Amino acid sequence: MPRGTAANQALNYPGEEVVRVPSFGGGPPPPPSPEPPVSNARVGMVMLIGAETMLFTGLIGAYVMFRFGSVAWPSAHLYLPVGITWVNTFVATA
């Protein structure tokens, strides 16, 4: 008895036809699609918008945590002197 014959006979029911199905790699290749389903520009733009959204959400979340976690906001030593700030602004733009 050739190898595999018993297994093949066990799977074939009497009185039914044996249907051969092409295996992987058989048959003609599928026709090439004219363009990808989603363009690379769209994927890149969605990724950029998603990254920017996560960045600013994290920054706003950090601000909220620091703001409400502090006893006094903002502390007095963080204020800039207005006169010197204006002078530095005009010197830097000139």
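Confidence in the protein is lowest in helix H1 (residues 5-11), with a mean of 56, and highest in H2, at 96; pLDDT is the predictor's confidence in each residue, from 0 to 100. This is a predicted model: local features need pLDDT of at least 70, side-chain atom pairs count only at pLDDT 80 or more, and totals for chains, interfaces and linings use all residues. Residues are numbered from 1 along each chain as its sequence is written, and side-chain values use heavy atoms, leaving out hydrogens and water.

**Exercise 1.** State the order of the elements in the protein.

Solution. Start with the count: three helices and zero strands. Helices (H or I, at least four residues) and strands (E, at least two) are DSSP runs, numbered from the N terminus. The order from the N terminus is α-α-α.

**Exercise 2.** Compare the span of H3 with its expected value.

Solution. H3 has twelve residues. The expected span is 1.5 Å times one less than the number of residues.

**Exercise 3.** Classify the cover of H3 and of Tryptophan 73.

Solution. Buried means under 20% relative accessible area, exposed over 50%, partly exposed in between (1.4 Å probe, protein chains only). Tryptophan 73 lies in the loop between helix H2 (40-69) and helix H3 (82-93). Its relative accessible area is 36%, so Tryptophan 73 is partly exposed. Across the 94 residues of the protein, 0% count as buried.
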